[in-house]
Amino acid sequence: AMIMLTSIYYGSMYGGSTTSILVNIPGESASVITTLDGHKMAMQGRAGPALAIAAIGFGGYATLAKREVAPELTFLSIKGEKITPESLKGKVVMVNFWATSCSTCVAEMPDMVRTYQKYHDKGLEFIAVAMQYDPPNYVLNFTETRQLPFQVALDVDGGLAKAFDGVRMTPTTFVIDKKGKILKRYMGQPSMEELHKILETALKA
């Protein structure tokens, strides 16, 4: 099998690192490949792709979600407010899984704030979902001290991350169009120029 490496970056998971590589593998539906994917390929008898993935090395930035349609979920904000699927219908939505212990999450947050402020009046909603392991008081303190203007939700039982294909790495950001289709999945800090182009196209649709 031919594997084309298109991007390698660093990502974090539970404050550490993981291997996640953006590749193009003929016959594979997803372009997000991790070391776990490589292990699964090897177990399924696809040793060629598995070995190639292992040879590529470290990474942490990836795009393209496994699922095409976002799950319909009700988010609970740190203020106790419910964010229902009905309230998000007809809007472009960004769902950002993050943690206060994630340095990349903290670094990208100002860009996320500026993105929200730029496009909110045009129909963008943004939900920052704090991971299950993140202490609620840390999340509340970060939200208040940074004056985050968008909704911040707690994934109390891990159900939100699980519903979005089992998110484990932070940051992971989903861009969802007005019909609920996942347009993009970023694992790691995204290119803001690319992200803004996607949002502008989706908001005009």
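The model is a predicted one, in which local features need pLDDT of at least 70, side-chain atom pairs count only at pLDDT 80 or more, and totals for chains, interfaces and linings use all residues. Residues are numbered from 1 along each chain as its sequence is written, and side-chain values use heavy atoms, with hydrogens and water left out.

Rolling a probe the size of a water molecule over the atoms shows where empty space is left. A pocket is an open set of points on a 1 Å grid over the protein atoms alone, where a 1.4 Å probe fits and protein lies on both sides within 12 Å along at least five of seven lines; a cavity is a set where the probe fits but cannot get out, and lining residues have an atom within 4 Å of a point. The second largest pocket holds about 290 Å³ of space. This volume is the space filled by probe spheres set on the points, with grid points joined across faces, edges and corners. Its lining comprises 12 nonpolar, 2 polar and 6 charged residues. Here Ala, Val, Leu, Ile, Met, Phe, Trp, Tyr, Cys and Pro count as nonpolar, Asp, Glu, Lys and Arg as charged, and the others, Gly among them, as polar. Helix α3 (85–88) and strand β6 (92–98) each give at least two residues to this lining.

The chain has 7 helices and 10 strands. Both are DSSP runs numbered from the N terminus: helices are H or I with at least four residues, strands E with at least two. Of its 205 residues, 48% count as buried. Buried means under 20% relative accessible area, exposed means over 50%, and partly exposed lies in between (1.4 Å probe, protein chains only). Contact means heavy atoms within 4.5 Å. Among contacts in the chain with a separation of 6 or more, 68% come from residues 24 or more positions apart.

The buried residues of α7 are Met192, Leu195, His196, Ile198, Leu199, Ala202 and Leu203. Seen down the helix axis, they fall within an arc of 160°, so they line one face of α7. The arc is that of the directions from the helix axis to the C-beta atoms. Glu193, Lys197, Thr201 and Lys204 are exposed on the other side of α7. The cover over the buried residues of α7 includes β6, α4 (103–119), β7 (124–130), β9 (172–176) and β10 (182–187).

Helix α5 (residues 136–145) has Val139, Phe142 and Thr143 buried. They cover an arc of only 100° around the axis, which puts them on the same side of α5. The face turned away from this buried side carries the exposed residues Glu144 and Thr145. Elements covering the buried residues of α5 include β6, α4, β7 and β8 (151–154).

Gln147 follows α5 and sits in the loop between α5 and β8. Its phi is positive, about 50°, although Gln147 is not a glycine. Gln147 is exposed, with a relative accessible area of 65%. Asp165 also is not a glycine, and has a positive phi of about 60°. Asp165 is in the loop between α6 (159–163) and β9, and is partly exposed at 29% relative accessibility. Pro171 is found in the loop between α6 and β9. The peptide bond from Thr170 to Pro171 is cis, with omega near -5°.

Ile83 belongs to strand β5 (residues 82–83). Ile83 is buried, with a relative accessible area of 6%. Beyond residues up to four places away in sequence, Ile83 touches Leu73, Thr74, Phe75, Ser77, Leu88, Ile127 and Gln151. Val69 lies in the loop between α2 (47–56) and β4 (75–76). Leaving aside neighbours within four places in sequence, Val69 contacts Gly180, Lys181 and Ile182. Lys89 is in the loop between α3 and β6 and is exposed, at 55% relative accessible area. Lys89 and Lys179 are 90 residues apart in sequence, yet 7.3 Å apart in space, C-alpha to C-alpha.
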